[in-house]
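Trainee: I would like a close look at one single part. Please then show me how the rest is put together around other contacts.

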Amino acid sequence: MNEIQSRGRQSHGFWAEAWARFRRKPLAMAALVFVAMLAAVAVLAPAIAGTKPVLCRYKGRLYAPCLGYFDRRLEPTVFAKDRFRGTYPKNLAEKDPDSWAIWPLVFQDPYRAVRENEWPGRPANPAKDEGRPSRINLFGTDQYGVDVFAKMVHGTTIALLVGVVSMGLAGTIGIIVGALGGYFGGWVDMLTSRITEIVMCVPTLVLILAVIAIVEKPTIWKTMAIIGATGWTGIARLTRGEFLRLRQSEFVTAARAAGAGPVRIMLRHILPNALAPVLVPITFGIASAILTESALSFLGFGPPPPAASWGSLLNDARSNLSMWWLVVFPGVAIFLTVLAYNLIGEGLQEVTDPRLREARK
Amino acid sequence: MATYLLRRLLLGLLTLVAITFIVYGLARNMPGTPLTVQMGESDPSRKLNPEDQERMKRIYGLDRPWHEGYLRWLGNVVRGDLGRSFSRKQPVTTLIGERIGPTFLLSGTALLLTWLLGVPLGLYASARSGLADERATSLLLYILYSFPTFVAALFLQIIFAVWLRGTSWELPLFGMSDLPADAGWAARSVDIARHAILPVTCQTYVSLAYDSRFIKANMEEAVRQDYIRTARAKGAGPGRVLFHHAFRNTLIPLVTLLGLSLPGLIGGSVIIEQIFTWPGMGRLFFESIRERDYPTIMGLTLMFSVLTLIGQLLADLLYCLVDPRVSVE
């Protein structure tokens, strides 16, 4: 009784209360921290592993050549003009003795093997099955001598983007389709439900493989769009159910009496109340989107080189099974990321679903 | 009941037509045709000259626009003819017949193992809910559930085919059998079983983790009901309450789960069959997409969609059968 009264006085919002409960779940919080860490790795990738200086002073001016890893055009043109050809350490010292540079934590490139003496006194990257993990190549090298650690650090962006972008798309489609069907009912519902059912019945992998084969140049963005465009059915069904339930409620009648139009009622009145249960399958969907993308790359349908996703490293491993490090490191990375999103989804479900909350007591 | 069935069947037919239409359109619009992909890639000198290509196109009916091709395919299907595979020169039904056995061997074994292990695990977890050993088991199952199959498959291949090579624990990497077809049946079955261990393991563990968690979640829902309290109050032992009162009431969602696993049972898993080069349906499907073998793609899609729809219908019907409160009307 006391508890109810004190809660009534403070009156936290739904999300604030859910967050407070979420914070008390060690596993879910650990997962959230892990994902935040991955995001940091993705943003800072060129500063963690690369062969271009994070910051350097050259002929009296400051440059940040590492930005070239995000986009070729961001790399200062002066280095191309001075014929650096991508090898910075020697050229900087030779062409401007007064220059200095801040190097990435690990001097390795995700797109090519580091050559001998590229970094003064360091041997060339080993290739083939010689490239087991060492002090210089933390996670070993692939069959061409490219550093696996650098590839994985730079592939983090893809892993994170795939989940967020494809589920953002799937969530948008799913919520719109489900909301229309659930709110209007009748023939609209009949139509949207049929479409959902059809998309649900088409084997996902067929759809994805066929669409990937059709698009002229497969890029990672198109893969994301395809995963999103096929993965919305569960979200649509759930949204429809929530809208069906909520459109009968009194606050919707009140809003309608106050003169709100259907779009306003759907967006401002029903959707905020239906968002929590819909967010759960979206989080689980992120996990499965990451799985799908790595499975596609693993089967050889991933983004074309040089873009390296974690799954394409596994694909390299298939023909070189003795190179166990090509399986262990990317495999564990995919697993941990999927696990993290599943744990977050589970935590979200437990803190926002009142029925599950009752069960805990 | 009859009208319900009729309505479901009609809607199902409509869905089937829509699905096959979409897939046919997608398949025909993939770049390349069976003729160019098949011969040009393997050997440039065997590339057909333009006249021959035109002639072949006419024979295969590829000179028409794809929607006409679809109508022709649909017409043949209605007459019970799935067509002939372009790349394998065999009727699609024969191909499916050849591949269905190996796939069923994998997925049937995996399904059986899943249920034999999953039900006791789920019951155990709900009986000891909250205790240290249950939390450890559940955590392990949860980790397994998030573990990608293809990563697990590669791990297993490295361990059993590379690291343990030469020991008695070594297991074969690829294929279904190394022995010639005229070897004795005992030797052959042992050989096939040895080949099947790794793929079956991969296929079992994910669904095992999922099913036992599902059972546990349903059991937790059931033990909170009033009739459980009544059963305890009248003096039923914990085992009897668990099996007789709680578990029997969770059978309904399990039946649905069983119905939904039907398509996978015969459709197989593309990824697992591809990794272990198991000569099953999933691999056939993957190959037929690569070879642009339209009749095979369509035959498999049709079969898979029919199974999905039957599985859903079966799940709904079984639901009515085991739960008298639910009626099909």
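Trainee: How many of the eight residues of helix α9 (residues 226-233) of chain B are buried?

Mentor: Keep in mind that this is a predicted model. The count for α9(B) is zero. To count as buried, a residue needs 20 or more other C-beta atoms within 10 Å of its own. None of the eight residues of α9(B) is buried, so this helix lies largely in the open. B:Gly235 follows α9(B), and its phi is positive, near 100 degrees.

α7(A) packs with helix α1 (residues 2-28) of chain B. Their axes are 10 Å apart, and the angle is about 60 degrees. Because of that angle, α7(A) counts as oblique to α1(B). The crossing of the two helices is right-handed. Which residues make the contact? From α7(A) come A:Glu197, A:Ile198 and A:Cys201. From α1(B) come B:Thr15, B:Ala18 and B:Ile19. Check the spacing against a rule for helices. An α-helix has 3.6 residues a turn, so residues three or four places apart point the same way. By type, the contact of α7(A) with α1(B) has four nonpolar residues, one polar and one charged.

Step back to the two chains. In total, 30 residues of chain A are in contact with 33 residues of chain B. On the chain A side, α7 (186-201), α8 (204-214), α12 (262-298), α13 (310-319) and α14 (325-352) each supply at least two residues. That side of chain A holds 25 nonpolar residues, four polar and one charged.

Strands come next. With strand β2 (residues 61-63) of chain A, β1(A) pairs in the antiparallel sense over three bridges. There, A:Tyr58 stands opposite A:Arg61. β1(A) and β2(A) form a hairpin, with two residues between them. In the turn, A:Lys59 has a positive phi of about 50 degrees. With strand β3 (residues 100-102) of chain A, β1(A) again runs antiparallel, joined by three bridges. Here A:Arg57 stands opposite A:Trp100.

Definitions and conventions. Residues numbered from 1 in each chain as written. Chains lettered and ligands numbered in written order. Predicted model: local features only at pLDDT ≥ 70, side-chain atom pairs only at ≥ 80, totals over all residues. Contact = placed C-beta atoms within 7 Å. Helix = DSSP H or I, 4+ residues; strand = E, 2+ residues; numbered from the N terminus. Nonpolar A, V, L, I, M, F, W, Y, C, P; charged D, E, K, R; others polar. Pairing = 2+ DSSP bridges. Axes fitted to C-alpha atoms, helices over the stretch in contact; angles between N-to-C directions. Parallel < 35°, antiparallel > 145°, perpendicular 65-115°, else oblique. Left-handed = near helix turned anticlockwise from the far one by under 90°. Buried ≥ 20, exposed ≤ 12 C-beta atoms within 10 Å, placed from the backbone.
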